[in-house]
Amino acid sequence: MSMPAINLGRMPAVARSLVFGRSLRNLAALTAGCLMLGAALAEPATAEPFEGCPSNDIRARFEEFGRTGKMPPDMGAWLSNPKAQYIEPWKAFDNVYYVGICWVSAWAIRTSDGVVLIDTLHEPHVDQLIANLRRVGVDLAEIKYVLMTHGHFDHVGGAAKLKPLLPNAKFVMTQTGWNEAIEAAKKSEATPRPWSMIAQDVVAKGGDMIRVGDNSFGVEETPGHTHGTASYTYDVKDGAKTYRAITVGGLGLNAIENSKQVEEYIASIDKIAEQVKRPTNPVTVHLTTHPFSNGLTELREKVLARKAGEPNPLVDPKGLLEQLAYLRKGAEERLDAERKAGR
Ligand SMILES: [Zn+2]
């Protein structure tokens, strides 16, 4: 692999404002949907709250959700509306496609020996995921691995539909991730939006390297968002250059139980930051699990509009470190609050 020339270009203004222009207290709302949407998704449909998947507006509404604990009905309907959630799949790097929807990501990484999919979306969006994969030229039989970040329904809820359609795929998660997913699916049976989880398949451990063709997928255990959250690193290609990317498994503090879990979160953030700062083959790209968390939908426009020879705006180690520092600050505040509450 070639050593990439690191693009130290500044984080695009839109992404910067998304990451830094909000109250730390509401950081928990970032991926709040992970935990509490089951009931909210059953709300009756009303007018669509968003046009065009604007990250700032969506994040603001998640913050409102975080403050009140109550999903606004129009938001709940929007999350479960395939038409409103539609994002045309797009090529992020020569070997990477975004195949997710507006509010939650799925990534397809092509290797010299098949395709790796990161996360599975959730119903009623799995048909769209399948259509997106086909649209970018992925035959479902080419998928060798489905790497799942953590056991919340928006990331693993699609596994049950995908499993029988992917004859050559192994589904991968940490042991704790599997436990959490299976337990969450079981609990959902009593909610208006039940979902089911596949039986445990491959168990990944921190430090594992999953080799697929010409790529290698590093497993990092990054507990905090949930106890079993994993992040994955892999090579992304842009012309003659190769960069190391990471999909950070969980960003939000919405499923925190006690101070110990926040301590784990902070340690995970530090572990990821080390990978960005290391001198050899540093991580310089963050392919997020939730587009609104770092303005991915707007970055998409910049990626698609860029001219030959221009740097890929997704290569942004400085922006990633700033995002990690911001997440760490929010976690420190949360740690204080948890300790004061005696948890
Ligand atoms: Zn989650």
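Student: Which residues of helix α6 are buried?
Tutor: In this predicted model, V126, Q128, L129, N132 and L133 are buried in α6, which spans residues 126-135. Buried means that 20 or more other C-beta atoms, placed from the backbone, lie within 10 Å of the residue's own. Helices (H or I, at least four residues) and strands (E, at least two) are DSSP runs, numbered from the N terminus.

Student: Why are they on the same side of α6?
Tutor: They cover an arc of only 155° around the axis, so they fall on the same side of α6. The arc is that of the directions from the helix axis to the C-beta atoms.

Student: And what do they pack against?
Tutor: The buried residues of α6 pack against α5 (82-85), β3 (107-111) and α8 (159-162); contact requires C-beta atoms, placed from the backbone, within 7 Å.

Student: How is the numbering set, and which cut-offs apply to the model?
Tutor: Residues are numbered from 1 along each chain as its sequence is written. Local features need pLDDT of at least 70 and side-chain atom pairs count only at pLDDT 80 or more, whereas totals for chains, interfaces and linings use all residues.

Student: Turning to the sheet, what is the strand order?
Tutor: The open sheet has 7 strands in the order β1-β2-β3-β4-β5-β6-β7, with mixed pairing. β1 (90-93) and β7 (202-204) are at the edges with a single partner strand each, so one side of each lacks a neighbour in the sheet. Strands pair if DSSP finds at least two bridges between them.

Student: In which sense do β6 and β7 pair?
Tutor: β6 (residues 170-174) and β7 pair in the parallel sense over 3 bridges, and M173 stands opposite V203 in β7.

Notes: Buried ≥ 20, exposed ≤ 12 C-beta atoms within 10 Å, placed from the backbone. Contact = placed C-beta atoms within 7 Å.
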